[in-house]
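Please work through each task with the sequence and the model at hand before reading its solution.

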Amino acid sequence: MSGPPNNRASVGLRVTDLHKSYDGNPVLKGINLEVAPGEVFVLMGPSGSGKSVLLRQLIGLETPDSGAVNIDGRSVSDPTLRAECRLAMVFQSGALLTSLTVGANVGLYLAEHRLHPPERIAEIVSDKLELVGLKGQEDRQVSELSGGMRKRVAIARALVMEPHLILYDEPTSELDPLSALTIAEEIVHLNRRIGATSIVVTHERELGLGIADRVGVLFGGELLQTGKPEEIRHSRVPAIQKFLNVNFRLKSSSPSTP
Amino acid sequence: MFHTIGEIMLLFLQTLRALPRAWRERQKVFEQLYEIGNSSLLMACILSIFIGGVIALQTGPVLVERGLSSAIGGLVGLSICKELAPVMMAVLIAGRVGSAMTAELGSMRVYQEIDALRTMNINPVHYLVLPRMVAISVALPTLVVFSVLVGWMGGGLVSVYNDSISITFEAYFNNLSQEVSIADLANGLIKSFVFAVVIGLVSCQQGFETIGGPRGIGRSVTKAVVNAIVMILILDYFVTRFLLFLD
């Protein structure tokens, strides 16, 4: 592939004292984080803890109030960074372009950057769709797809870029358990196959702890703890214990009525 | 307000810088041209024929009464090509095409499609704004030429068939061709080009600024249409002054 060189599989990421607030309300309060090249790092935390906001700072969609995000040793705002590093993101909603077909969405990066002739792009698109279990769906309209299919198309679109760093925002939200499992397996397989550094944001405990090399737990805009899944499972931080041990067996545990 | 004006100017400069890519984006330009033509041609036709007709209806009897029936063609011709066709078509396009542009870009912004483009290192100005700007800048002047011709025809029909005017087609078009010059037509086209740029910029900028859900999109659309129409009418005065100065 022409375009940004791909002579290494992945890149590392470092976040230093990152702060972000909206209308005076602090959302991220001094995040420090390091993700090693090729690692699957899962960022967990309850809804509203700032996970998605952090992700948007990591890929440069928003500018932090203070602090720095460095990818491969360079600031994410450095315009030359994207000329050398491919950064991809799978959005929570999929963020597929609804005016395009599935095939056009997946091949958009290649077509817009004119990296291959149309016939070759069609082959690559077909390959990537097959990887995510959507072979032969190129001509379908995005509006015809289910939530799970949209997510998989979004993953295929990210894969086409052969990214060095791939960010997933709630990749299994709104999916049934089986579809969620398929997506989770896909994330792990992709990491093994292309070796890209992966950062996954989720509030689903089992998914997070199941696929991660390392986990970070975000609470109220602060990163409470990072570590291997086992370390997080046995965390002594009360908020993390509470988050990990929530169970929904409320009905069976309530006293039976006469 | 100053923030919006600043954003519009910035978008204008970015679009100007992207202009050399217009040929590369020609497929999208043609798609937009089709959209604009398809959505506004019939409406432009109806609007223009009645504008021409009503000018003839309002002025014709007065001119006939004063023995100036031969001036009807010139009056209708000049007022349509220098003022009414550019302004009315611009208002029509702001309402039909500008609002659709804002709604589409606003929806793309709200549903993170524009963010997705950025993550793929695709510049949204190149991908979304440039084709729309080029298409509207070509479509509006073309529509104005069409509107001028249809408007003249409407004025002619009323001048011939209205009992209180009753002049011949020949007299109407003779006077029109004597009074209206190519420079007058160019005057209207220059205006319509300026209006097209304004509609495109205002609509795209409002689309990019959209926040919130469907309500936010609705708010942006309303704001874009109102702002575009206000700017068209203000600019109409200044462009007219400028063109008179050049005369």
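**Exercise 1.** Determine how the axes of helix 5 and helix 7 of chain B are arranged, and which residues meet.

*Solution.* Step 1: the axes of helix 5 (residues 124–161) and helix 7 (residues 182–209) of chain B come within 8 Å and cross at roughly 145°. Axes are lines fitted to C-alpha atoms, for helices over the stretch in contact, with angles from 0 to 180 degrees between N-to-C directions. Helices are DSSP runs (H or I, at least four residues; strands are E, at least two), numbered from the N terminus.

Step 1: helix 5 of chain B passes helix 7 of chain B in a right-handed crossing; a crossing is right-handed if the near helix is turned clockwise from the far one by less than a right angle, and left-handed if anticlockwise.

Step 2: the residues in contact (heavy atoms within 4.5 Å) include B:Leu128, B:Ile136 and B:Val144 from helix 5 of chain B, and B:Leu189, B:Phe193 and B:Cys204 from helix 7 of chain B. By class, this contact has 20 nonpolar, 3 polar and 1 charged residues. Ala, Val, Leu, Ile, Met, Phe, Trp, Tyr, Cys and Pro count as nonpolar, Asp, Glu, Lys and Arg as charged, and the others, Gly among them, as polar.

The model is predicted: local features need pLDDT of at least 70 and side-chain atom pairs pLDDT 80 or more, whereas totals for chains, interfaces and linings use all residues. Residues are numbered from 1 along each chain as its sequence is written, chains are lettered from A and ligands numbered from 1 in the order written, and side-chain values use heavy atoms, without hydrogens and water.

**Exercise 2.** Describe the crossing of helix 3 and helix 5 of chain B.

*Solution.* Step 1: the axes of helix 3 (residues 72–110) and helix 5 of chain B come within 7 Å and cross at roughly 145°. Step 2: this crossing is right-handed. Step 3: the contact divides into 20 nonpolar, 5 polar and 2 charged residues.

**Exercise 3.** Identify the salt bridge of B:Asp115 and what it joins.

*Solution.* Step 1: the side chain of B:Asp115 meets that of A:Arg56 in a salt bridge (2.9 Å, N to O), defined as a side-chain nitrogen of Lys or Arg within 4 Å of a carboxyl oxygen of Asp or Glu. Step 2: B:Asp115 lies in helix 4 (residues 113–119) of chain B and A:Arg56 in helix 1 (residues 51–58) of chain A, so the pair joins two chains. Step 3: the structure holds 17 salt bridges over all chains.
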